[in-house]
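I opened my notebook to look up a few things in this model. Here is what I was looking at.

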Amino acid sequence: MAVPISYNIRNLILRKGATVMTALGIALTVATAIFILALLAGLRDAFQTSGNPNNVLVLRKGSNSELAAGGVDLSAMTVIRDLPGIARNAHGDPLVSGETILVIVLPRLDGTGSTNVTVRFLSPIGIEMRPEVKLISGRWFTPGQREIVVSKSVHQRFGQTNIGDSIWIGKGPWQVVGIYDSGTSAHESEVWADINQLASDFDRSTYSSVLIQATDPVSADALKHTVTDDQRLKLNGMLETEYYDQQTKTGGPIKFVGFMVAFIMAIGSCFAAMNTMYAAVAYRSREIATLRVLGFSRPSILTSFVFESLLLALLGAAVGIVLMLPFNGMTTGTSNPVTFSEAIFRLRMTAGVVTTATIFAVIMGLFGGLAPAWHAARQNILNALRG
């Protein structure tokens, strides 16, 4: 015969002080886990939404970063534009964009110092190849002018990024003329400017990378191998999705430190749940003995106390989830070891994040309640009734 669920719920309500304190401890642990998982989900989403399966990124042989590349000669563009499988725009121009990456230093708006921000120099074709990027204020830069357009996230986090402000790059100031929104993509961490003006200012004869848009994913895969195998180019082609997948290693340190903190807190929460359940067993020893006399078996009492501990953990999980809801969608940033600049992204409390955190809480409740439940089920009936 199973112990009624209402019995466990009533006991949690009667011991509301201990219930609240234990649930809060579990809630803080769950909130920490959600925070770390939401950070990683946001960072992963930023890079995954940046890659187009039709796009091929061309870098110098042996390079795995646009910033470290700097080896695609201007002469290679003539060969690349004539490769088969390249898509064209409405004007018949091949969708090929030579681009260069630089890093500048901008002050944070919160006054906590300055940090590196990525500047992408590209042509209007490069903008056209990224339809997810929308201009929300001002205008796009004029080719041949020292003008820049900043992302919405960069505008919200850094100084000198209002329309009309100037940022010193290379030989002179570049004026901010617009603000764009790229959703959750990695381009939210960037400032965009004209590639031709950069070549004039710095007398550059190479690009950091070349972005090619194929007609379809099959052609993109063929282009990747064509670029890599072409002995005239001596370049390396990779799908844009593959490139951004590699960038997710940025989250490695966050994942390690976060899970270590969450694990330590989880141990503490398990002990808190265990102490609460042991106290409940000691307080209710006569009650447990009475249940045995009434015919409830040891397995049913064991199951009842484990279930009560799980209810406590689920209550803590619910509180932890509610505590984290205001942070969902919050913009934050971390250092990207690949580009040596700040990667801006948003916390994302996905269904997977919430489910994982809830399972984490259930495991804490299970480990915290198993030993006290076993102790309750093994009590001697006569001794318990005399106590």
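**Ground rules.** I'm working with a predicted model, where local features need pLDDT of at least 70, side-chain atom pairs count only at pLDDT 80 or more, and totals for chains, interfaces and linings use all residues. Residues are numbered from 1 along each chain as its sequence is written, and side-chain values use heavy atoms, with hydrogens and water left out.

**Whole chain.** I looked up the secondary structure and found 14 helices and 14 strands (DSSP runs numbered from the N terminus: helices are H or I with at least four residues, strands are E with at least two). Of the 387 residues, 50% are buried (buried is under 20% relative accessible area, exposed is over 50%, partly exposed is in between, with a 1.4 Å probe and protein chains only).

**Leu 106.** I found Leu 106 in strand 3, residues 96-107. Buried or exposed? Leu 106 is buried, because its relative accessible area is 0%. Val 154 is 48 residues from Leu 106 in sequence, yet their C-alpha atoms are 9.5 Å apart.

**Helix 8.** I went to residues 217-229 next. Which residues of helix 8 are buried? They are Ser 219, Ala 220, Leu 223, Lys 224 and Val 227. These sit on the same side of helix 8, because they cover an arc of only 145° around the axis (the arc is that of the directions from the helix axis to the C-beta atoms). On the face turned away from that buried side, I noted the exposed residues Val 218 and Asp 229. Strand 1 and helix 9 are among the elements covering the buried residues.

Technical notes
Expected span 1.5 Å × (residues − 1). Contact = heavy atoms within 4.5 Å.
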